[in-house]
Amino acid sequence: MLAQIQLFLSTNQPQLINPNMTTTTTEIASIPKPTPQSGRAWWKEASVYQIYPASFKDSNGDGIGDIPGIVSKLDYLKELGVDVVWLSPILQSPQVDMGYDISDYYAIHPPYGTMDDVDRLIEGLHKRGMKYVMDLVVNHTSDQHEWFKQSRSSKTNPYRDWYIWRKPRYTADGVRQPPNNWGSYFSGPAWTYDAETDEYYLHLFAPEQPDLNWENPQVRAAVHKIMRYWLEKGASGFRLDVINFISKDQRFLDVPITDPSKSYSDGAKYYACGPRLHEYLQDLGKILKEYDAFSVGEMPSVYDPVEILNAVGFERGELGMAFQFEIMDLDHGPRGKFTPGQFKLAELKSVVTKWQSFMYENNGWNALYLENHDQGRSISRFASEKPQFRALSGKMLATFLGLQSGTPFIYQGQEIGVVNLPESWTIEDYRDLEAINFWNELTAAFPGDAQLQQQTLKELRLKSRDNGRLPMQWGPGKYAEFSSATAKPWIGVNDDYEQWNASSQVSDPGSVFRYWAGILKLRKELVDVFVYGSFTLVDKDHEELFVYTRGFGDETAVVVTNFSEKEVKWAVPADVSSVFSDGRYLVGNYEERKAIGFGGDVITVKPFEAFVVLKEAARLPN
């Protein structure tokens, strides 16, 4: 039975590797090495706050967050100190995948508001010195988009080639089969048969999300037009959804089957960073450069830093930065996301050092994140949500993330220490399409296996996308004051909102919110060190502490973070001892650290403690 379960689970989570679409390190030899002044840009010095519109603030009492609700909270974002606000999709959509299935790129999803509301949002952000970044989904559309309606109407329709259509294959005994054996990220095959035209269309996600055919120049021109429209309206850039999937290997070859009981498998080797990706990205980069705008590309299924550098190298003119997934995969099991895995600090150190060092040395740039709308909450996954450690954990992770090299992305609620959904939730409480599809296939394959179901619910609570989609906790009133007291939100509210909410933290100098604000302020005050400085891992073999330095010229900062609930005696390595002996304390999550200091050869680091020390350049007398 165990072997069957493992085989079943393996087919529901694509293998995130791409061995055949990578480049070699010799291809980056000509990239200019960074100097203290090279490659400076406003978006490198900025911090980004991500909003999930349906769950941020409901202004009209329908239980769904909206754009006027976001406008009402702009002063809150200004108080936090963020520079850029990124909204997950707000465009018209049937909401099969919460807006990542767009049916009109020039209209707003009605429950969210109107185009006038968007104009007021952008105006309000600009008035407060902030910028707007739009989530743009152009690997695929909704099947309700007029382009796809036309495309599927006949083989001779002018829009037919805007999507990826292929003829069926047939077995020896005449059974119709999809064009290849690729699997969808939302389970099942990546092809859906259309009886009207007797062909299959490709969808790497849900059947309602058909993939666009970027080989068609008309598709690319349409995307360019959309970008220009929103840049003219005042957007300062885009988060580009699964942008490395837009170029597919046109052979559409089969991939090896990982489970003999299934006829489909992960085809990422043929569409992640495909043969024309950089050509397409350079076209987008030229448009962004005209408007001094930036882009962050979501790039799943790629672990080779050279491949990502080829998209984000400063001289490449493609993306500004990319979301890679190695940290997010650290607690995945050997058979996929929703199977048990163990987070290990040694692996986190390896991944962070890899990306920090490589991008700095090769003039690339990192997008820093621990949470977003697709992930569980970082306190729950990487630290501790126990009452005595929760605030400490939130502050420790803020220190760890916010002072690395790259642009930090803070997800709504992360700044107040929000954690994962309640343990009491059953599968009926979930709204996440990925989680529900996984559960349905699993229970259909193994009905009555209570132990497997219990294990799976535990993993869903840890890593389901719903964890990041619960309503924002604004206050202690009913429904966390996300909506009116009579308007039940579209998804359940976390049980702890009476104690953990924004209103109680904004005025509390010791809150997670205030700590995050301090980290963002520190990053601005010491921009050379914490934005453009080098990164070096310290004491890489320590099992509880993650320690790193940021250096610029004669200035060095040491960032110490304890990822355990144990008090640790740390023997300070010789290579950073002078920073502790001659430096000054900048910030920390234990108030007494400022008083007791950090002198001596051995420092006692408290559970989930974080603190930062700076050794500045010697000052010549006037």
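Two strands count as paired if DSSP finds at least two bridges between them. Helices (H or I, at least four residues) and strands (E, at least two) are themselves DSSP runs, numbered from the N terminus. Keep those two ideas handy for the tour.

A word on what you're looking at. This is a predicted model, where local features need pLDDT of at least 70, side-chain atom pairs count only at pLDDT 80 or more, and totals for chains, interfaces and linings use all residues. Residues are numbered from 1 along each chain as its sequence is written, and side-chain values use heavy atoms, with hydrogens and water left out.

How far can you trust it? pLDDT is the predictor's confidence in each residue, from 0 to 100. The protein chain has a mean pLDDT of 91, with 93% of its residues at 70 or more. Residues 1-37 are another story: pLDDT stays under 50 there, although the model has 89 contacts (heavy atoms within 4.5 Å) beyond four places in sequence for them. Where pLDDT is low, the predicted coordinates should not be read in detail.

E6 is held to strand E10 (residues 199-202) by 2 bridges, running antiparallel, and here Arg166 sits opposite Tyr200 in E10.

Next comes helix H7 (residues 277-290). Its 14 residues reach 21 Å from first C-alpha to last, close to the 20 Å expected at 1.5 Å a residue; that expected span is 1.5 Å times one less than the number of residues. After H7 you meet Asp292, whose phi is positive, near 50°.

Further along is helix H12 (residues 433-445). Its 13 residues should span 18 Å at 1.5 Å a residue, and the end C-alpha atoms are 18 Å apart, which agrees. At the start of H12, a side-chain oxygen of Asp432 comes to within 3.1 Å of the backbone nitrogen of Glu434. Glu434 is buried, and so are Ala435, Phe438, Trp439, Glu441 and Leu442.

The last stop is a group of strands around E18 (residues 555-562). 7 of the 8 residues of E18 are buried, so this strand is largely enclosed by the rest of the structure. Strand E17 (residues 545-552) joins E18 through 8 bridges, antiparallel, with Phe546 opposite Thr561. Their hairpin has 2 residues between the strands, and Gly553 takes a positive phi near 60° there.

E18 also runs antiparallel to strand E22 (residues 610-615), with 6 bridges; Val558 has Val613 as its bridge partner, and Ala557 has Leu614. E22 is mostly covered, with 5 of its 6 residues buried. Strand E20 (residues 584-588) joins E22 too, by 4 antiparallel bridges, and Val587 is partnered there with Val612.

Technical notes: Buried < 20%, exposed > 50% of the residue type's maximum accessible area, 1.4 Å probe, protein only. Polar contact = N/O pair within 3.5 Å; in protein donor to acceptor, adjacent residues only side chain to side chain.
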